[in-house]
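Here's a quick briefing to keep next to your viewer. Take a look at the chain first, then work through the points below.

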Amino acid sequence: MAKADVLEYYDQTVSSPSGSFYIPAVLRVPELLQVVKRRRVKHSLSRKNILYRDGFTCQYCSSVDNLTIDHVIPTARGGKWEWENLVTACSRCNSRKGQKTVEQANMKLLKVPKAPKEFDILAVPLTKAAFRTLKRSQGLPEEWLQYLARPSP
């Protein structure tokens, strides 16, 4: 269907009623840069989905420990339980901010909280960890080696 270019073939063939074909080993897919997963989150505002939206990272200091949910505008000042007013915060930053606004606490958000789109898209790149897993489980096919970047020493 001309969606990928075959750069290498395995030595094995597969047969079909219309003929015998070599099995592609390395494909170049110009339009696809990485694997994409979709997760429906729009209509389910929850603690879990706030953490997920914020990448399980404190939106004030980037910590990943002791995470809580913080109201940007505190409930005592009229803040509501909604996407645009909730962020992930570590317990230290949440305590420091207390019942103050971000400005009053002299703190800064890493990014402005907003509702996710109907489908929040996660990009899953083929990382070094993924390559290590491939090596451990089955080994990398020899045909792939010339196309992979060498690990830096």
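Which residue forms a salt bridge with Asp-70? The partner is Lys-97, with the closest N and O atoms 3.4 Å apart. Keep in mind that this is a predicted model.

**Overall layout**
- The chain has 3 helices and 6 strands, and from the N terminus on they run β-β-β-α-β-β-α-β-α.
- Of the 153 residues, 25% are buried.
- Take the contacts between residues at least 6 apart in sequence: 58% of them join residues at least 24 apart.
- Accessible surface comes to about 11,300 Å², and carbon and sulfur atoms account for 55% of that.

**Salt bridges**
- A search of the whole structure turns up 2 salt bridges.
- Lys-97 and Asp-70 make one of them, at 3.4 Å between the closest N and O atoms.
- That pair links distant parts of the chain, since Lys-97 sits in helix H2 (residues 91-97) and Asp-70 in strand E4, 27 residues apart.
- Both Lys-97 and Asp-70 are buried.
- Arg-53 and Asp-54 also meet through their side chains in a salt bridge, with an N to O distance of 2.9 Å.
- Arg-53 is buried, and Asp-54 is too.

**Nonpolar core**
- In soluble globular proteins, nonpolar side chains tend to end up buried together.
- Here the largest nonpolar core has 17 residues.
- The residues with the most contacts inside that core are Cys-58, Tyr-60, Cys-93, Val-102, Met-107 and Leu-109.
- H1, E4 and strand E5 (86-90) are the elements that give two or more residues to this core, and E5 provides the largest share, 4 residues.
- Leaving out residues up to four places away in sequence, Leu-109 touches Gln-59, Tyr-60, Val-72, Val-87 and Val-102.

**Gln-59, a loop residue**
- Gln-59 lies in the loop between helix H1 (47-53) and strand E4 (67-71).
- Is Gln-59 buried or exposed? Its relative accessibility is 3%, so Gln-59 counts as buried.
- A polar atom of the Gln-59 side chain lies 3.3 Å from the backbone oxygen of Asp-54.
- Beyond four places in sequence, Gln-59 touches Asp-54, Val-87, Thr-88, Lys-108, Leu-109, Leu-110 and Lys-111.

- Lys-111 is in the loop between H2 and strand E6 (119-124).
- With 42% relative accessibility, Lys-111 counts as partly exposed.
- The Lys-111 side chain reaches the backbone oxygen of Arg-53 at 3.4 Å.
- Lys-111 and Tyr-60 are 51 residues apart along the chain, and their C-alpha atoms are separated by 8.9 Å.

**Nonpolar surface patch**
- Val-6, Tyr-9, Tyr-22, Leu-27 and Val-29 form a nonpolar patch on the surface, and together they have about 460 Å² of accessible area.
- Strand E1 (5-16) and strand E2 (19-28) are the elements that give two or more residues to the patch.
- Tyr-9 lies in strand E1 and has a relative accessible area of 45%, so Tyr-9 is partly exposed.

Technical notes: Residues are numbered from 1 along each chain as its sequence is written. This is a predicted model: local features need pLDDT of at least 70, side-chain atom pairs count only at pLDDT 80 or more; totals for chains, interfaces and linings use all residues. Side-chain values use heavy atoms; hydrogens and water are left out. Buried means under 20% relative accessible area, exposed over 50%, partly exposed in between (1.4 Å probe, protein chains only). A polar contact is a pair of N or O atoms within 3.5 Å; within protein, one must be able to donate a hydrogen and the other to accept it, and residues adjacent in sequence count only if both atoms are side-chain atoms. Contact means heavy atoms within 4.5 Å. Accessible areas come from the Shrake-Rupley method with a 1.4 Å probe; for residues, only the protein chains shown count as cover. Patches are made of residues with over 30% relative accessible area and no salt bridge: like charges are joined within 9 Å, nonpolar side chains (Val, Leu, Ile, Met, Phe, Trp, Tyr) within 5 Å. A salt bridge is a side-chain nitrogen of Lys or Arg within 4 Å of a carboxyl oxygen of Asp or Glu. A nonpolar core is a set of buried Ala, Val, Leu, Ile, Met, Phe, Trp, Tyr and Cys residues joined through side-chain atoms within 4.5 Å.
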